[in-house]
Amino acid sequence: MELIIGPRLYSTWSLRPWLVLKRCGADFTVREIDIYSPDGRAEMAGLSPSGLVPLLRVDGETIWDSLAISVWCAERYPEARLWPADPHARWLARSATCEMHGGFTALRTHCGMGPDHTMVGPDRCPPPTGEGLERDLRRIVALWTEMRARFGAGGSWLFGEWSVADAFFTPVATRFRHFQIDLAEFGDDGTAAAYRDALLAQPDFLEWTAEALR
């Protein structure tokens, strides 16, 4: 099994399925491709149906897209409990994950990760502004606060125990850190900030961070 990713420093989409596979205890190798270089783009052209990362090559197939890989993991590794056991929590965890996967356009635009804006390392940028960005940030704070209040009693993650939703929101936490976004300005009572800090301190993410910096 091989996971093909972009640069660990800033490929947010690559981080998500890597975290999920680590949670599963999967035996997999990683191929990191510099998707911004001519050689990297040429290599990707022969690997990816969409031309994008991440990709999981397994059992003679290539699965593309971070959410598709995560769904595959939940099927292959049911013992990893990648979705909450409680049905109501599970429905909403999937809703939150899909919202992150397909939404928050302003956050992606104004707080993008790339060669100049990395997920790890000492560089920090002043927070950008904008009506759309503020709307996204208030929505994320409200979402995190509500889910933690309703389902977070069993642990420090969004739905108590760790789930795919936490993998998908980890890069959001890195954006908040990199762009020095004060969540209190967007309605946070401390719940969202505590969850952000938990994501950034998660052991698998710290392993990714160390490898990215190395």
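The crossing of α4 and α6 is left-handed, where left-handed means that the near helix is turned anticlockwise from the far one by less than a right angle, and right-handed that it is turned clockwise. The model is a predicted one, in which local features need pLDDT of at least 70 and side-chain atom pairs count only at pLDDT 80 or more, while totals for chains, interfaces and linings use all residues. Residues are numbered from 1 along each chain as its sequence is written, and side-chain values use heavy atoms, with hydrogens and water left out.

Begin by selecting α4 (87-102) and helix α6 (residues 131-151); helices (H or I, at least four residues) and strands (E, at least two) are DSSP runs numbered from the N terminus. Their axes come within 12 Å and cross at roughly 165°, the axes being lines fitted to C-alpha atoms, for helices over the stretch in contact, and the angles running from 0 to 180 degrees between N-to-C directions. α4 and α6 are therefore roughly antiparallel (under 35 degrees is roughly parallel, over 145 roughly antiparallel, 65 to 115 roughly perpendicular and the rest oblique). Show the side chains of H88, A89, L92, A96 and E99 in α4, which meet R139, L143, M147, R150 and F151 in α6, contact meaning heavy atoms within 4.5 Å. This contact has six nonpolar, one polar and three charged residues, where Ala, Val, Leu, Ile, Met, Phe, Trp, Tyr, Cys and Pro count as nonpolar, Asp, Glu, Lys and Arg as charged, and the others, Gly among them, as polar.

Select next R81, in the loop between α3 (66-76) and α4, where phi is near 50°, a positive value in a residue other than glycine.

Finally, select P54, in the loop between α2 (38-45) and β3 (55-58), and joined to V53 by a cis peptide bond with omega of about 5°. Most residues other than glycine have a negative phi, and most peptide bonds are trans. V53 and P54 also belong, with S11, W13 and L52, to the residues nearest the centre of the largest pocket, which is lined by 17 residues (a pocket is an open set of points on a 1 Å grid over the protein atoms alone, where a 1.4 Å probe fits, with protein on both sides within 12 Å along at least five of seven lines, and lining residues have an atom within 4 Å of a point). Its lining divides into nine nonpolar, six polar and two charged residues.
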